[in-house]
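Dear colleague,

Please find the structure below, with its sequence. My notes on it follow.

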Amino acid sequence: MDYGSYPVRHVTLYLLFCSCFVRCGICTRSHVWISIISGLERSDFFLQTKFTSINGQDPENVPYDKDAPLEEQVTQSLEASLRNLRTDYIDSLVLHSPMETMEDTLRVWKMFESFVTAGKVRQIGISNCYNFRDLRKLYQEATIKPAVVQNRFHDKTKYDIQLREICNVYGIKYQSFWTLTAPSNRRAMANNEWKEMAREKGLTPQTLMYAFMMTLGHTPLDGSSDVNHMKEDIKLMMRFQNGENVLDEKEVNTLSSLLGIKD
């Protein structure tokens, strides 16, 4: 979705309603109500959901038959997502994490590919994939290549340096989460040098972190339910969409150093 064509208030309401519906557990009707209130169409939404193996499921709320073959579990999971989100296609379907074996990971991936071929899914990706060799193997074996990798961005994984390099080479979009909440990132944002750069840029320490990620070509996932924070995040996003170079190379290097990212 190109938010640049919408007023900040319009997009903020859109994000607020999304957040409220999800947090209240009634996301099955969210895009219907949001469309009514805001006038947005289905094509204005980017819906991303996941398939999670049985090991990562709430045993009281598994969206598929846990005793079914793996391929059937994946199919039932997608059908549940389509039904719950009241849509006939998903923009991005992500494997929550690699399966216990590469063989099973590829079995899931083949099903993902069949959904793309059938028009039920637009793109596919993987999450919690911290071994760059696993990502490279998946890419090499896949007929339809992963479009996104969604990972925690923090010091415990050395900020995915090698994996992000592979994403750049393969043209895979890197999505970060824990971007603001990881302890190592919180420490960096509390640094006086970080806060001073944020002030000079007309940003908060948090939106400066987002600017850092976006300058690197990554997509930080934003889970805020605070209206003011949403407005700040959208304004930053629009600065990028309007072609502003928010950070130069030297500033990116400074922030990398404060985070402890080493080449």
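This is a predicted model: local features need pLDDT of at least 70, side-chain atom pairs count only at pLDDT 80 or more; totals for chains, interfaces and linings use all residues.

D233 lies in helix 10, residues 227-241. Helices (H or I, at least four residues) and strands (E, at least two) are DSSP runs, numbered from the N terminus. Setting aside neighbours within four places in sequence, D233 is in contact with T207, Y210, D222 and S224, where contact means heavy atoms within 4.5 Å.

As to conventions, residues are numbered from 1 along each chain as its sequence is written, and side-chain values use heavy atoms, with hydrogens and water left out. Local features need pLDDT of at least 70 and side-chain atom pairs count only at pLDDT 80 or more, whereas totals for chains, interfaces and linings use all residues.

The confidence, pLDDT, is given by the predictor for each residue from 0 to 100. The protein chain averages 88, and 85% of the residues score at least 70. Over residues 1-30, pLDDT stays under 50; for these residues the model has 57 contacts beyond four places in sequence.

Turning to the sheet, 6 strands form an open sheet in the order 1-2-3-4-5-6, with parallel pairing. Strand 1 (48-51) and strand 6 (219-220) stand at the edges, each with a single partner strand, so one side of each has no neighbour in the sheet. Two strands pair if DSSP finds at least two bridges between them. Strand 2 (residues 90-95) and strand 3 (residues 121-127) run parallel and are joined by 5 bridges; L95 has I126 in strand 3 as its bridge partner.

The count of disulfides is 0, a disulfide being a pair of cysteine sulfur atoms within 2.5 Å. The sulfur of C129 is 8.4 Å from the closest cysteine sulfur, in C167, which is too far for a bond. C129 is buried at 2% relative accessibility, and C167 is buried at 1%.

Finally, K262 is found in the segment after helix 11 (249-259) and counts as exposed, at 66% relative accessibility.

With kind regards

Notes. Buried means under 20% relative accessible area, exposed over 50%, partly exposed in between (1.4 Å probe, protein chains only).
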